[in-house]
Amino acid sequence: MLRDPFGRTIDYLRVSVTDRCDLRCVYCMPPEGIPLKPISDILTYDELIRTVRVAVSLGVRKVRITGGEPLVRRGIVPFVRRVAEIPGVRDLGMTTNGTALPGMAAALRAAGLRRVNISLDTIRRDRYAEITRRDALPKVLEGIGAALRAGLSPVKINVVLLHGLLRNEVDDFFAMAREAPVEVRFIERMPIGCSPSEGYVSTEGVRERILALPGVREARNGSSSAAVTFEVPGFAGKLGIVSPVSRKFCSGCNRLRVTADGRLRGCLFGRETLDLRGVLRGGRGDGAVADLFLEAARTKPRGHDLCEDGDAPSAAEPMSRVGG
Ligand code: SAM
Ligand code: SF4
């Protein structure tokens with residue numbers, strides 16, 4: 001079992017499979033995209049499978065595939081199947097912008113994907129095009145439907161709170177959770193990526209609006225859950241808030257991350273990364289990979305020190321490479 005010096009058990013691995021993406025969200029990437037790593041630096045699927053196997057041998061049970069946009073990497077469906085077939089992987093999820101889900105949701109489900117988080121910051125087409133710099137909203141909405149029909153469960157909608165979010169847009173998402181069995185989660189933007197110290201909006205205002213809904217009650221989540229979730233009578237779905245800045249949840253953090261270019265990270269923030277790619281390509285056995293995981297757990301920071309008016313931490317690197 002992987003434990004860190006602060007008593008946290010590490011059983012969750014987030015794997016970024018690519019730094020490429022078909023969108024250009026204003027808070028994540030500049031219009032021209034980020035400088036991409038050469039393909040030879042990106043871990044191969046075989047290397048990723050070996051990594052997950054070793055992590056599972058050390059007690060990891062939950063795996064999330066992310067990016068960049070994971071669905072733009074060729075061969076992602078067979079990769080999902082290979083991960084799902086690793087004995088010991090109990091929970092396999094993906095974070096995606098959803099643009100490719102209309103054609104892929106059923107195949108992903110059949111390959112063994114269980115749950116999906118779909119990023120969607122507005123359901124107004126012009127605003128979506130402003131935020132992502134692509135006119136892709138119809139595809140994403142179609143993708144949400146495809147994910148539900150395919151039986152992916154839960155389907156969570158990640159809404160990053162942005163300056164200028166209209167009151168009505170929050171209502172749009174309440175309506176979505178009323179009508180569809182999805183969990184809409186409002187998330188504080190973190191000072192990472194583009195314009196790091198601008199544009200922070202706390203979840204407090206949305207929380208107050210959720211608490212004003214008739215009959216609303218807070219649902220119980222596991223101690224490692226980042227979200228506070230609410231159930232509302234008459235809603236097919238749920239609402240949630242994730243407040244990494246105003247109410248950080250580091251004390252329950254159970255995860256490690258593998259970046260697209262093969263580094264092992266204990267935290268989204270901070271300088272510490274370990275050279276997983278070097279070990280995987282260095283001709284050494286799985287014991288050396290396991291040692292690296294033990295080192296990552298040993299050096300996992302107690303927490304981040306983001307604050308509401310703070311700048312980006314010194315070593316913040318693009319979310320699209322680290323994997324959100
Ligand atoms: N491309 C996929 C997507 O958008 O879902 C997966 C990768 S993306 C980096 C993962 C998540 O990180 C998305 O939900 C995105 O909204 C979120 N994200 C990106 N930059 C962020 C920031 N500065 N603060 C908070 N969330 C951020
Ligand atoms: Fe792409 Fe996801 Fe970043 Fe948006 S948040 S640019 S979809 S990686």
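Predicted model: local features only at pLDDT ≥ 70, side-chain atom pairs only at ≥ 80, totals over all residues.
Trainee: OK, ligand 1. How many residues surround it?

Mentor: 17, and the closest are Tyr27, Gly68, Thr96, Ser119 and Met190. A residue counts as near if one of its heavy atoms lies within 4 Å of the molecule.

Trainee: Which polar atoms sit by a nitrogen atom of the ligand?

Mentor: A backbone N or O atom of methionine 190 is 2.7 Å from one nitrogen atom of ligand 1, and a polar side-chain atom of glutamate 69 is 3.2 Å from a nitrogen atom. Threonine 96 has a backbone N or O atom 3.2 Å from an oxygen atom of ligand 1.

Trainee: How much of ligand 1 does the protein cover?

Mentor: 94% of the 540 Å² of accessible area that ligand 1 has on its own (Shrake-Rupley method, 1.4 Å probe).

Trainee: And which elements give two or more residues to that shell?

Mentor: Strand 5 (91–96) and strand 7 (155–160). Strands here are DSSP runs (E, at least two residues), numbered from the N terminus.

Trainee: Let's stay on strand 7. Is asparagine 158 buried or exposed?

Mentor: Asparagine 158 lies in strand 7 and is buried, because its relative accessible area is 9%. Buried means under 20%, exposed over 50%, and partly exposed in between (1.4 Å probe, protein chains only).

Trainee: What does its side chain make a polar contact with?

Mentor: The side chain of arginine 185, at 3.3 Å. A polar contact is a pair of N or O atoms within 3.5 Å; within protein, one must be able to donate a hydrogen and the other to accept it, and residues adjacent in sequence count only if both atoms are side-chain atoms.

Trainee: Switching over: which residues are around ligand 2?

Mentor: Cys21, Leu23, Cys25, Cys28, Gly68, Asn97 and Ser320. By class, that shell has 4 nonpolar, 3 polar and no charged residues.

Trainee: Last one, where is valine 258?

Mentor: In strand 12 (residues 255–258). Valine 258 counts as buried because its relative accessibility is 0%.

Terms used. Residues numbered from 1 in each chain as written. Chains lettered and ligands numbered in written order. Heavy atoms only, no water. Helix = DSSP H or I, 4+ residues; strand = E, 2+ residues; numbered from the N terminus. Nonpolar A, V, L, I, M, F, W, Y, C, P; charged D, E, K, R; others polar.
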